[in-house]
Every structure is written in structure tokens, then in C-alpha cells.
Amino acid sequence: MGYWQPQWRSLGRGGWRGAAVVHLLLWCSCIVRSETTQNFPGSSKPKSSVGVQLRLQGSGQMLIDNGLLQLTLSVPDGNVIGIQYNGVDNLLEILNEESNRGYWDVVWNLPGDPIKYDRIQGTTYKIVTQNEDQIELSFVRNGSALTNQTAVPLNIDKRYIVRRGCSGFYTYAIFDRPEGWPDIEMDQVRIVYKLQNEKFHFMALSDDRQRVMPMPEDRVTGQPLAYPEAVLLTNPINPELRGEVDDKYQYSCENQYNRVHGWISGDPPVGFWMITPSNEFRTAGPVKQDLTSHVGPITLSMFVSTHYAGKEVGMKFNGGEPWKKVFGPVLVYLNSVPPEEDLSNLWQNAKAQMYVESATWPYNFIESEDFPPSEERGMVVGQLLVRDRYITEKYMWGGFAYVGLASPGEAGSWQRENKGYQFWYRADRKGNFIINNIRAGDYNLYGWVPGIIGDYKYEGNVTITPGSAINLGILVYNPPRHGPTLWEIGVPDRTASEFYVPEPYPTLMNNLYTNNKQYRFRQYGLWERYADLYPENDLVFHVGVDDYRKDWFFAHVTRNLYNYTFTATTWRIEFELKTVHKTAGYVLQLALASVTESDLQVRFNDLSIEPPHFATGKIGQDNAIARHGIHGLYWLYSIPVPSSQLRRGSNAIFLTQARAINPYQGVMYDYIRLEGPPEL
């Protein structure tokens, strides 16, 4: 077997910019929706004006044809078993069983029981819509009639839509739990597409994350590393990949940026893309990280997962509570170019289509009463300001704040919320926000501001009714603050990206990130570099002398002694105080960007004191250290520091991560600040 060399250079950060481009894309959307839509701008192929047709393909198969693609579905299962496009009989892996090509699946369990894997198979089907402009099919599984013990007890309705002139198909699912049904826990809901590995060798996730990928066989012949997902390629089919590490978690992405990703075939020149036009149906907010595409070649659409967060963001249904949610629709988009054309245009076109899909959300062609169109939704506008008199006496704009609506809860609860819908907007530099197309319901409005600690929550509920437009006016966030800043370490942005991320081992690199410092944290094995940098003694940081960008390791990890035996590590912050006010208290603001099975203990000027002055207790299941994430869930602790624990002159704060069972336990700090008494 040969391997395919890329026929274009990596793409830069340029592309669609500015208001003029937005207008252009909206104009393009009119073309995309018309009968004469082209699958790729500028292609030499004739435009398709063929109406959408539906026909049975023998026993157990149904084919939808719109003149651009032919989609074959199993009946009544509702699996995607064939995608014919641009002269390729099937873009999916034909060597796989038909049920293992394109499918929905769920990971779930009964409380206290082991997890179960359920590849969702419909038991009945029906034609929802059939005309020349659109066909929508429904594949239903009734959860009350299940005999398979691995099947999650939910009513599930999988839908597929093919439209005239659309070079792709839409899919979504309605999950329904009637009142009184059994208690369950559900940790993953996703769609999986497995493509022909003889054709799709190049993967693209963003302008600056694109590469030729290994083959599945390369992982089999490679050297297993610390966990099954990570493999060192020792004898790959493409010799240029020898010596690299492959790990699907190196290609994870935050929800807010996970809008289009997929694969490119060089012969024939075809792109296969997963386009997600909205994040409203994903769980845990805009900065939740999740999988995208990886070796297989596999493309995913992740709706629910515990990745980079743990069971805290898994769904738990108790006491017979009813629940219903629509996951999607998402678009599986296909494009092509003539053989002589630059293949990079496939990525550019997929991006353009993503903007078109986002601009036309919510879709007006979905035939389900559970998916409300735009006129049945509402909007919220306002402006977020910040009041922190120890920064300035004036109100500050909540510049580029994340502002969103999610299910009612405590401040910050949105990052663990998983059953409802969430609607987020990135404010402008003055803190203005406009949240459109909100489903009717009761919400809380949440927010956080880069550069400011803590979480904002609007004091009342926000009730959205069809067609409502709510102006909340000026909102003021008063972040946690006890007194003036005496010193600080880091930047309060909920990540550890500003700290020192070391170079990876030369023999354990992913070359995609070799020259890209922004993504260096995605490299494998960085946790082991701590012992190289601090072979005898743990990290000591001198306030006012050291630079956190160079002298603060990005992850507070355990130390490997020998034979996979680990010990706790203690970091020390040394600082000077000219005076200590004996009658006033101090506060240590401690913000964590990620925690994995840790107990972080804090001591002031006495390492031996027991119990410690403060301890988090065992917290966190992010696993972001092993999975190459620079953050997981956000934690903030405002720790009172009596003046008796400080002294004039030299002081030390000891940070001990006390749990040490494996190399992946630890914390990533976001920001640390010592505040003096209010009267200072």
C-alpha cells in the first residue's frame, strides 16, 4: 500500500474576515438553499437541479438520492451504511460491518453498575417528509419494549434529512425519558463515521491544525505508550511519520471552536466534514473540550462526554424525572474540486459552508415539534461591567466576556450542566452582548470575564417566551475581592497556558505541534519533564524575581520514585512583606484550571503543621494532564489567612498535592493572588 503526500502547504490564519464577508456568506446561503446549488464554488461540474428521490434497495436498505450524493441507510436500524459521492461508490469503510460505518451510540449505566455501550438501532421507521425538495426519515427505538440489556432505557428517534441541491445530509436525534422511568447515568452521546482508510489520509481541524495522518495499521505495529490511546509509530506505512506519537486526545478542541473538522481524499479530491452550526445542544458550556477526528479515519460529533471533566458532567437521572432533548442537527458536508485544483480549497469551502450553516440557524426545515424555529425563540441583550475598586475606582467594561443562558443553578454551575440547552455569546470589548435564538424556558444568565477571577450570575431568572426580546440593561459583576493585591502569579483566564510548557522529548513528538508554541501542551509525556527540570527538589517561585512564564511549571504533578511508585510534591512560593497588620486578615485567591484526583493542601510558613491551614480534599476527574488539555473544570478558592500565619520579612506558602498514585494526578493553576487587609 502506498501513502498519499499532501499537495498543498499548511493554511495560515487568514480567511473569511470582516462584515463584508458575513454579507457575502449570507448571500451565498441563498445559493446553497436553491435548486441549482453547486457542491463547490467554481467547480466544473454541472449544477444539480434533480429533485430528491427515495427508493428501497432490496431488503433492509433505503437510498436517498439528490443528484449530488446517494445516502444509504439500514432499515429499520437507521445506520448510515453507504455514502456515494463524486464517483466514489462508498466514502465509508466497506470492509467494516454495515453497522460499524456510520452510527449513533451511548455510554451509560445503572447507578452503581459497570458502564454499558449501546449502539443505537431503530426498531421502526417512517417517512416524515417526502417531496422533491426534501426527504426526512425517522428511525425510532421504543425504550419501554427493550429486551437487550445493553440498550439504554430511553425513547430515541434518529432523523436524517437530504435536501435538494445540498451536498451533504443533516442528522439529529430526539432523546426522550418519560416520567417514572428507571434511574440511569449517561456519560456519552455521539455520532461516529468511519471512512475508507485507502482514500482519506489528510485531516483538518482548523487553519493551523492540519496534517497527514497515520494509518490504522501503524498503531497496531507501533509501540504502546503509557495508556492505550498513545502509540509511538515505529514502522508506519508512510516513513515520514516514523518516530511520531499518535493519540486521539492530541486533536481535542473546545466546543466554541469545534465547528468544522474532517478529512480530505487526494484521489479523487473529496472532502468529508462534520459541521456543527450551534453549540446549544452540547453540554458543559463553550470551553468544554472534546474529541474531533482521529486515526481510522474517524470523524465524530460529540454531544455528551466526560472528557476533560469527569463524571461531574455526566448525566444522572433519579426519582423518575422526565427529560427530553434534541441533539443536533449537524451537517455531514461533502465537497470536491477538479483534479488540477488546489486541494486546500476543500478546507476553505468547508469553512465557508460552516459560516453559512451558522448564519441560517435555527433551520426552518426541521420536521419536529421538538425543534422550534426562529420565530418561536427569544433573545436577550445587555452590557456587563466589572466593579473592582482595587483595580480602579471606575467601572470597567466586561471586555470579551463569556455571557450565556443555562439551566438555573449556582454561579458557575453551567460548566457542569448537562441536561438542558445552553446559549452563549462572546461580548464585545465594551461588554455588550446579544444572545439570539434562545429556546423558550427558564434560565439563569451566567458570565465570566477573561482577566477577572470568579463567575457572574444575574440575580433573577430569565424567562424566554416565543418571540420575546429582553433587555437586561447594564449588569455589574463584583468579583471576589478582600483587599489590595500584594502579589499575583499567572493570568486569570481559566487555563494554564501562560505558564511554562516544556519542550517534549525529541523521541515522543507530534510534528504538528513542533513549531507551534500555542499548542505545545498537546504534546505527549510533558508530565514527565517535571522530574527532568526538578530532579532533586521541587519548584520554588520567588515573587518579584521569577517569571511565571519561565519559572512556573504548567502542571503540579507527582514524582516518580522508582518502579512506578510515586510521591507527593510540594511547591513553595517565597515572598516578602514589609509589614503585617496583626488585627486584620489576608486572603489567598487560588484559582485552578484543572484538577485530577488531587488533594491540594496549603500551608503558610510551616510545612509540618497538621492539619494543613487549608485543603481541598479529594477533588477533580479532569484527566487533562494525560489527555493534553491545558485546562479542565474551573475551581476558585478564597482562603482566609489570619495575620498570625504571616510575618514581617520573608514568608513562604507551601502547596502540596498530597495524592500520589499515578503520574497523571495533579493540578493546573490558573491564577494565585495574595490580598492584604481592606484598609491597606
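The chain of the predicted model averages a pLDDT of 92, and 93% of its residues score at least 70. Over residues 1-46, by contrast, the pLDDT is below 50, although this stretch still has 99 contacts in the model beyond near neighbours in sequence. The placement of residues 1-46 is accordingly reported here together with its pLDDT, which is below 50.

Strand β46, which spans residues 666-675, is mostly covered, with 10 of its 10 residues buried. Several strands pair with β46, among them β34, β36 and β40, and each of these pairings is described in turn. Strand β34, formed by residues 485-490, runs antiparallel to β46 and is joined to it by 5 bridges; within this pairing, threonine 485 lies opposite glutamate 675 of β46. Strand β36, made up of residues 556-557, is likewise antiparallel to β46, the two being linked over 2 bridges, and here valine 557 faces glycine 666 of β46. Strand β40, covering residues 586-598, is connected to β46 through 9 bridges, again in the antiparallel sense, with alanine 591 standing opposite tyrosine 671 of β46.

A separate description applies to an open sheet of 3 strands, in which the order is β14-β15-β16 and the pairing is antiparallel. The edges of this sheet are formed by β14 (residues 223-224) and β16 (residues 245-246), each of which pairs on one side only. Between β14 and β15, the latter comprising residues 231-232, there are 2 bridges, and the two strands run antiparallel. In this pairing, proline 224 has valine 231 of β15 as its bridge partner.

The lining of the largest cavity draws on residues from several parts of the sequence: Ala284, Val287, Lys288 and Gln289 contribute to it, as do Tyr308 and Ala309, together with Gln415 and with His631, Gly632 and Leu633.

Technical notes. Residues are numbered from 1 along each chain as its sequence is written. This is a predicted model: local features need pLDDT of at least 70, side-chain atom pairs count only at pLDDT 80 or more; totals for chains, interfaces and linings use all residues. Side-chain values use heavy atoms; hydrogens and water are left out. On a 1 Å grid over the protein atoms alone, a cavity is a set of points where a 1.4 Å probe fits but cannot get out, and a pocket is an open set with protein on both sides within 12 Å along at least five of seven lines; lining residues have an atom within 4 Å of a point. Two strands pair if DSSP finds at least two bridges between them. Helices (H or I, at least four residues) and strands (E, at least two) are DSSP runs, numbered from the N terminus. Buried means under 20% relative accessible area, exposed over 50%, partly exposed in between (1.4 Å probe, protein chains only). pLDDT is the predictor's confidence in each residue, from 0 to 100. Contact means heavy atoms within 4.5 Å.
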